[in-house]
Amino acid sequence: MKIDINQRILSAHEAKTAQNKQLLAAKRIVTINLMGSPGAGKTSLLEGVMALLRPDLRVAVIEGDLFTSKDAKRVAALGIPAVQINTRGACHLDGNMMEGALDQLALDEIDLLIIENIGNLVCPAEFDLGEDFRLCLLSVTEGEDKITKYPLMFKDADAVVLNKVDLLPYVDFGLKQFYQDLTLLNPQATILEVSCRTAAGLAELAEWIKQCVTAKRQELARTAMQEKG
Ligand SMILES: Nc1nc2c(ncn2[C@@H]2O[C@H](COP(=O)(O)OP(=O)(O)O)[C@@H](O)[C@H]2O)c(=O)[nH]1
Ligand SMILES: [Mg+2]
């Protein structure tokens with residue numbers, strides 16, 4: 001009986017995600033799912049990279065958290081439209097929650113939507129939110145072994161960003177092992193080193209995000225041409 005209930009919940013999520021994805025594509029919005037542990041620096045990354053994106057792109061953010069609106073407030077303080085989803089204990093976002101958040105955004109005024117997922121290296125990786133790209137954040141204080149301990153999170157990432165490299169001299173983070181394990185697990189991933197504290201690497205990250213937007217728009221244009229015949 002339990003299995004049946006789980007199946008229904010999952011398929012409801014999948015149906016909603018397919019619907020959300022269609023809506024986002026119709027509005028020509030490129031979506032990035034930002035994932036990583038609590039405290040890896042997801043919100044700091046958004047704060048750091050926004051100034052580099054805003055001259056070219058109209059950005060909005062969906063913030064996922066169990067409780068509180070603290071992260072949405074941090075992002076909104078930059079003048080970026082931000083919607084907070086509180087899962088009240090659930091460890092990941094899903095299609096139903098996304099639908100509620102999309103309802104609150106002016107979709108005609110957005111080029112790029114970044115979703116800060118719940119801080120967790122397990123569950124968010126299993127839930128497609130209709131995103132175009134997955135950006136996984138790891139910080140040097142978490143240890144390089146997280147790549148092999150949580151492979152699902154890093155295996156499907158389009159980019160893996162290593163944050164807090166300003167702290168490398170003070171922690172035993174195996175940088176060489178990190179690169180070895182990650183390139184073996186996910187040879188296609190773009191790997192970037194950043195520090196939200198010093199802003200090192202943020203220009204490269206902004207460039208990668210802009211390239212994602214260009215690539216997705218080209219794909220949408222090709223699809224539209226094919227549909228026209
Ligand atoms: N030293 C250092 N601290 C950072 C860096 N990025 C974030 N932090 C700190 O890490 C903590 C968690 O950051 P936050 O952005 O809230 O992480 P989130 O939970 O993943 O959204 C905060 O105290 C940040 O100031 C960094 O590059 N270097
Ligand atoms: Mg955060």
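Me: Between which two elements is the loop that holds A157?
Reply: The model is a predicted one. The loop of A157 has residues 151–155 on one side and residues 159–163 on the other. These two elements are α6 and β6.

Me: Is A157 buried or exposed?
Reply: Buried means a relative accessible area under 20%. A157 has 5% relative accessibility, so A157 counts as buried.

Me: How far apart in space are A157 and G143, C-alpha to C-alpha?
Reply: In sequence, 14 residues separate A157 and G143. In space, their C-alpha atoms are apart by 18 Å.

Me: Now the metal. Which residues are the protein donors of the magnesium ion (ligand 2)?
Reply: The donor atoms of the magnesium ion (ligand 2) are an OG1, an OD and an OE, lying 2.1 Å from the ion. In sequence the donor residues follow the spacing T-x27-D-x44-E. They are T43, D71 and E116.

Me: Are D71 and E116 buried or exposed?
Reply: The cut-off for buried is under 20% relative accessible area. D71 has 12%, so D71 is buried. E116 has 3%, so E116 is also buried.

Me: Turn to ligand 1. Which residues come nearest to it?
Reply: There are 17 residues around ligand 1. Helix α2 (residues 42–53) gives the most to this shell, with three residues. The residues that come nearest are G39, K42, S44, D166 and C196.

Me: How far is an oxygen atom of ligand 1 from an N or O atom in the side chain of S44?
Reply: Polar contacts with ligand 1 include a polar backbone atom of A40, 3.3 Å from an oxygen atom of the ligand. For the side chain of S44, the distance is 2.6 Å.

Me: What share of the area that ligand 1 exposes alone does the protein bury?
Reply: Contacts to ligand 1 include one from S44. Taken alone, ligand 1 exposes 590 Å². Of that, the protein buries 74%.

Me: Where does ligand 1 sit?
Reply: A molecule sits in a pocket if more than half of its atoms lie within 2 Å of the pocket's grid points. The place of ligand 1 is the largest pocket.

Me: Next, N120. The backbone nitrogen of which residue lies 2.6 Å from a polar atom of its side chain?
Reply: N120 is in the loop between β4 and β5 (133–139). With 15% relative accessibility, N120 counts as buried. The backbone nitrogen of C123 lies 3.4 Å from a polar side-chain atom of N120. The one at 2.6 Å belongs to V122.

Me: What is the phi of R88?
Reply: Most residues other than glycine have a negative phi. R88 is found in the loop between β3 (82–86) and α4 (95–103). With 63% relative accessibility, R88 counts as exposed. R88 is not a glycine, yet its phi is positive, at about 50 degrees.

Me: What is the phi of K164?
Reply: K164 is in the loop between β6 and α7 (175–185). With 23% relative accessibility, K164 counts as partly exposed. K164 is not a glycine, but its phi is positive, at about 65 degrees.

Me: How far apart in space are G89 and V160, C-alpha to C-alpha?
Reply: G89 is in the loop between β3 and α4. With 44% relative accessibility, G89 counts as partly exposed. G89 and V160 are 71 residues apart in sequence. Between their C-alpha atoms the distance is 26 Å.

Conventions:
Residues are numbered from 1 along each chain as its sequence is written. Chains are lettered from A and ligands numbered from 1 in the order in which they are written. This is a predicted model: local features need pLDDT of at least 70, side-chain atom pairs count only at pLDDT 80 or more; totals for chains, interfaces and linings use all residues. Side-chain values use heavy atoms; hydrogens and water are left out. Donors are N, O and S atoms within 2.8 Å of the metal (3.2 Å for Na, K and Ca); water is not among the atoms, so sites may look incomplete. Buried means under 20% relative accessible area, exposed over 50%, partly exposed in between (1.4 Å probe, protein chains only). A residue is near a molecule or strand if one of its heavy atoms lies within 4 Å of it. A polar contact is a pair of N or O atoms within 3.5 Å; within protein, one must be able to donate a hydrogen and the other to accept it, and residues adjacent in sequence count only if both atoms are side-chain atoms. Accessible areas come from the Shrake-Rupley method with a 1.4 Å probe; for residues, only the protein chains shown count as cover. On a 1 Å grid over the protein atoms alone, a cavity is a set of points where a 1.4 Å probe fits but cannot get out, and a pocket is an open set with protein on both sides within 12 Å along at least five of seven lines; lining residues have an atom within 4 Å of a point. Helices (H or I, at least four residues) and strands (E, at least two) are DSSP runs, numbered from the N terminus.
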